[in-house]
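Subject: Model for you to look at

Hello,

Here is the structure for you to open. Please keep it on screen while you read the notes below.

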Amino acid sequence: MLVYQDLLTGDELLSDSFPYKEIENGMLWEVEGSNSSVGGSGAVDVDIGANPSAEGAEEDEGVDDQAAKVVDIVDTFRLQEQPSFDKRQFVTFMKRYIKLLAPKLDDEKQALFKKHIEGATKYLLSKLSDLQFFVGESMHDDGSLVFAYYKDGATDRTFCTLHMGSRSQVLEDYKSTSK
């Protein structure tokens, strides 16, 4: 499995287990999130044909009160939601991010990054009022942001990451390394 880590902080932001689509000349990766339940005792309501009320069972026997609803991407990579930005704050963040990231890229990627980052920034600015902002687990303020928004009519959030600001790392299968 490939995990994509923030070049500036080392935080895990995405993996190849979440299919992505490149947008804005490859500057942004777009990933569909989904809601899921985690935690709890794993109670499952199975209909075996019995009448629970006749057998003295409680009505909510199959409900798991300990389960929590989470967004898969946020939960998997332990992303931390941040307060929203206004336009001035967002532009200030992007300028600082570009300044910090550019020296970490090789010459070819740096040229591509400088050529297309303005388009990606304008794309994000056009959605600014709809965006949720997330940072990686370290909560370092110089790292990359992960942006989330609802596409028209969607029930699950779409996440965007700044692709040039990440590096891939291969994670070995735990079963093969535990021997």
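First, the ground rules. This is a predicted model, in which local features need pLDDT of at least 70 and side-chain atom pairs count only at pLDDT 80 or more, while totals for chains, interfaces and linings use all residues. Residues are numbered from 1 along each chain as its sequence is written, and side-chain values use heavy atoms, with hydrogens and water left out. Helices (H or I, at least four residues) and strands (E, at least two) are DSSP runs, numbered from the N terminus.

6 strands form an open sheet in the order 3-4-10-9-8-7, with antiparallel pairing. Two strands count as paired if DSSP finds at least two bridges between them. Strand 3 and strand 7 (80–82) are the edge strands, and each pairs on one side only. On average, neighbouring strands of this sheet are turned by 30° against each other, direction ignored. Such angles are taken between N-to-C directions, from 0 to 180 degrees, using lines fitted to C-alpha atoms (for helices, over the stretch in contact).

Look at strand 8 (residues 132–135). Strand 7 pairs with strand 8 in the antiparallel sense over 3 bridges. There, E81 stands opposite F134. Strand 8 is also joined to strand 9 by 3 bridges, again antiparallel. Here F133 faces F147 of strand 9 as its opposite residue. In a regular strand the side chains alternate between the two faces of the sheet. Strand 8 is covered on both faces: Q132 and F134 are buried on one side, F133 and V135 on the other. Buried means under 20% relative accessible area, exposed over 50%, and partly exposed in between (1.4 Å probe, protein chains only).

**Helix 3**

Helix 3 packs on this sheet and touches strands 3, 4, 9 and 10; its direction makes about 40° with that of strand 4. Contact means heavy atoms within 4.5 Å. Helix 3 covers residues 107–126, 20 residues in total. From first C-alpha to last it reaches 29 Å, close to the 28 Å expected at 1.5 Å a residue. That expected span is 1.5 Å times one less than the number of residues.

Helix 3 bends by about 40° at H116. The bend is the angle between axes fitted to the seven residues ending there and the seven starting there. H116 is also one of the buried residues of helix 3, along with Q110, F113, I117, A120, T121, Y123 and L124. The partners of these buried residues include helix 2 (87–101). At the N-terminal end, D106 caps helix 3: a side-chain oxygen lies 3.2 Å from the backbone nitrogen of E108.

3 strands form an open sheet in the order 2-1-11, paired antiparallel. Strand 2 and strand 11 (166–170) stand at the edges with a single partner strand each, so one side of each has no neighbour in the sheet. The twist averages 35° from one strand to the next. Strand 1 (residues 2–6) is joined to strand 2 by 3 bridges. Q5 stands opposite E12 in strand 2.

S15 is found in strand 2 (residues 12–15). Is S15 buried or exposed? S15 is buried, with a relative accessible area of 2%. Not counting residues up to four places away in sequence, S15 touches M1, L2, V3, Y4 and F77. The side chain of S15 also makes a polar contact with the side chain of S17, at 2.6 Å. A polar contact is a pair of N or O atoms within 3.5 Å; within protein, one must be able to donate a hydrogen and the other to accept it, and residues adjacent in sequence count only if both atoms are side-chain atoms.

Best wishes
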